[in-house]
Amino acid sequence: MPRSVEILVGGIQTTVQDYPGRRGMLAKGFFPAGPMDHFAFRAANLLAGNPESAAALEVTLGGVALRLGAEATVGVAGAEAEVTVDGERIPIWESRRAAAGSELRIAVSQGPGFRIYVGVSGGIDVPLLFGSRATYTMGALGGFEGRALEAGDRLALGEEAGDGAPKRFKVSARPQYGREWEIEAMRGPHAAPDFLTEEDMQTLFGRAWSVDRNSNRTGVRLESHLFQWARKGGGIAGGHPSNILDNSYPVGAVNVNGDLPVILGPDGPTAGGFICAATVVHAGFWKIGQLRPVGDRVRFREVTVEEAITLDRELDERLTEASLENA
Amino acid sequence: MTEKTIKSPYPGIFYRRSSPDADPYVAEGDRVSPGDTVGLVEIMKNFYEVKSEEEGVVDALLVQNEDLVEAGQDVVVLRD
């Protein structure tokens, strides 16, 4: 019988993702999908003995149960949550060998953090769609039938490659989670002086923004704010100064829709007619997957492109086998 | 008298009624049975029902309509 994993309880949104998702498809209307927190996702795969890119599960909040149809190594990373295999605890940022038929349960996370990643040795073997196994929720495609997983779904697993030994992601290499987040971002592409005032930009980067409950993989909504704006209106693009002629959106854009800033997530829209005042850099993007949409607050820290590249290299260096130790 | 509580399964915004015009699901003094809905929690553009797992009488409502609740937070106290 082929190796597989069966979903017993799907929770509020559990999807198959891979890293870096479906790249190079913006012109065709596809945001990349992929994990909302790429750091914990990649760590979960390394813990399971997989390449960091392998298809794995993104669990939102927890309250999920799976049954392994084959012996496998399971790695968990992300938000603090009680995870058990047949009742035996697996600490977050660790992996364990689990017998065929064993049940993996993830309790609802009390935070900090909001998403838990589950890597299974061999990876989740769903069909490739345009080069990726990631679920694009907005397009209802990719992953397993283009949707979040439900009880009764059975996912095939690939062949294992590693030695299957239980591992721990070193504490020194783990990211810090909290309820107050600082996320690195660069200004623009639509900033001051053309669209917003310099004072608006100082507000954007200066204040703390509460995360709205209706945040998801499409976008993380912040709070409404009355910006000063550099223009009286949007000209031919519309009556509000946040309006511009439709243009493409960057992944991680802080898209200001009227008075409401929204950080565009991995399943966001590829284009639209609102300004993007700032853009979260890749090394900071993982944090948006851990924002708990009940009281967490975000401050943006402005970085240069050079800092953004340096930060991303540092992050890549932490996501290697050197960060693993035997558990 | 034994005291039992109903907890919110998820974090989000708590609602006492199914729509702004509807009557509240429960009021103090109402009898509830296992599976009865006592409120809704809104998170990620979805609404989830908060259900009682026990039989009892609503003794106290611990959160107001549209209050923020955390996962596992007590929202209703039941008495026998």
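Biologist: What should I know about the model and its numbering?

Modeller: It is a predicted model, in which local features need pLDDT of at least 70, side-chain atom pairs count only at pLDDT 80 or more, and totals for chains, interfaces and linings use all residues. Residues are numbered from 1 along each chain as its sequence is written, while chains are lettered from A and ligands numbered from 1 in the order in which they are written.

Biologist: In what order do the four strands of the open sheet in chain B run?

Modeller: The order is β5-β4-β2-β7, with antiparallel pairing. Strands here are DSSP runs of E with at least two residues, helices are runs of H or I with at least four, and both are numbered from the N terminus. Two strands pair if DSSP finds at least two bridges between them.

Biologist: Which strands are at the edges?

Modeller: β5 (46-51) and β7 (68-69) of chain B, each of which pairs on one side only.

Biologist: And how many bridges link β2 and β4 of chain B?

Modeller: Three bridges, between residues 12-15 and residues 37-43. B:Tyr15 has B:Leu40 in β4(B) as its bridge partner.

Biologist: Switching to chain A. Which peptide bonds are cis?

Modeller: One is the bond from A:Gly111 to A:Pro112, with omega near -5°. A:Pro112 sits in the loop between β9 (103-106) and β10 (115-120) of chain A. Another joins A:Ala192 and A:Pro193, with omega about 5°. A:Pro193 is in the loop between β13 (180-187) and α2 (198-206) of chain A.

Biologist: Why mention those at all?

Modeller: Because most peptide bonds are trans, and most residues other than glycine have a negative phi.

Biologist: Which residues have a positive phi without being glycine?

Modeller: Among them are A:Asp86, at about 45°, and A:Phe130, at about 50°. A:Asp86 is in the loop between β6 (83-85) and β7 (88-89) of chain A, and A:Phe130 is in the loop between β10 and β11 (154-156) of chain A.

Biologist: Is A:Asp86 buried or exposed?

Modeller: A:Asp86 counts as exposed because it has 12 C-beta neighbours inside 10 Å. A:Phe130 has 14, so it counts as partly exposed. Buried needs 20 or more other C-beta atoms within 10 Å of the residue's own, exposed 12 or fewer, and partly exposed lies in between, with C-beta atoms placed from the backbone.
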